[in-house]
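Have a look at the structure first, then read on.

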Amino acid sequence: AHNNFVMATCLTIANARVGASSSRPSTSKKAGGGRKSLEEIARGEAITGRVSRVLEDGLVVNVKAEVDALLHRKELGKDTDRFEDFKKGQQLVARVKQVDRKKRTLQLTLRNGGHVEWRRTKARHLQPNKIYAGVVKKLKATPDEQGWLKVTEAFVDIGAQYDAHLATAQGVPGVGSPVQVRILPDGTDPEMMRVRRRVSAELVVDEEREKTTLETQPKALNEPYHEEEEEEEEDLDKYDYLDDIY
């Protein structure tokens, strides 16, 4: 699978080079067009980029260099479990793992200090009665008649501009636990969100989860959507020599 990722990525990079000037000397320090040459990039350097393509086993990242960079799935560090959430245009800061100036390849890693700037959905784009996945962020407790503290409210991070507020905390697990919540019919009332800076929701119990198709990750509607185009199959055997790079 790793080799398939490497070969498919190299095809993408090769296509990106089509139309580039063949007269550019290999020792040039500037790639032109504001792009850095590989001679200007050092191993361990922090570099900012945007995902230009999501492949089965990794990402192709535009780092404004003469070639696009490769970020393999296994190099995502703490974001490995969120691989399916990566979209075209996602911005990130990574470290240069390897730069091969002879073979003109660039590899990145998020393991050593890199981070991903995850986009959050604007609250007004959340849909009433829709179910979203999230994580319990905070529990609020108030004293009962006997003076004992009782958890009465909960706040859930659903990846949106505002947290989802649960007016009752019955059945809500501890902080950090994954849950599903349903946005109430009036949960996205503009005036309420402006004043309280939260979205009203309710907990979805286990029985409902089995019968409902879940919205596992809200999509930022202000982010343009790009459909993956089907590509013609190509003979990848000619790229076998690249296995030695990795």
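Strands here are DSSP runs (E, at least two residues), numbered from the N terminus, and two of them pair if DSSP finds at least two bridges between them. This is a predicted model, so local features need pLDDT of at least 70 and side-chain atom pairs count only at pLDDT 80 or more, while totals for chains, interfaces and linings use all residues. Residues are numbered from 1 along each chain as its sequence is written, and side-chain values use heavy atoms, leaving out hydrogens and water.

**The barrel**
- In the order 9-10-11-13-12, 5 strands close up into a barrel with mixed pairing.
- On average, neighbouring strands of this sheet are turned by 50° against each other, direction ignored (axes are lines fitted to C-alpha atoms, with angles from 0 to 180 degrees between N-to-C directions).

**Strand 9 and its partners**
- Strand 9 (residues 131-143) pairs with strand 12 (residues 178-183) in the antiparallel sense over 5 bridges.
- Across that pairing, Ala133 stands opposite Gln180, and Ile131 faces Arg182.
- Strand 9 also pairs with strand 10 (residues 149-157), antiparallel over 8 bridges.
- The hairpin of strands 9 and 10 has 5 residues between the strands, and Gly147 takes a positive phi near 90° there.

**Lys138 and Phe155**
- Lys138 stands opposite Phe155 in strand 10.
- The charged end of Lys138 also sits over the ring of Phe155, 4.8 Å from its centre (the rule: NZ of Lys or CZ of Arg within 6 Å of the ring centre and within 35 degrees of the ring normal).

How values were computed: Helices (H or I, at least four residues) and strands (E, at least two) are DSSP runs, numbered from the N terminus.
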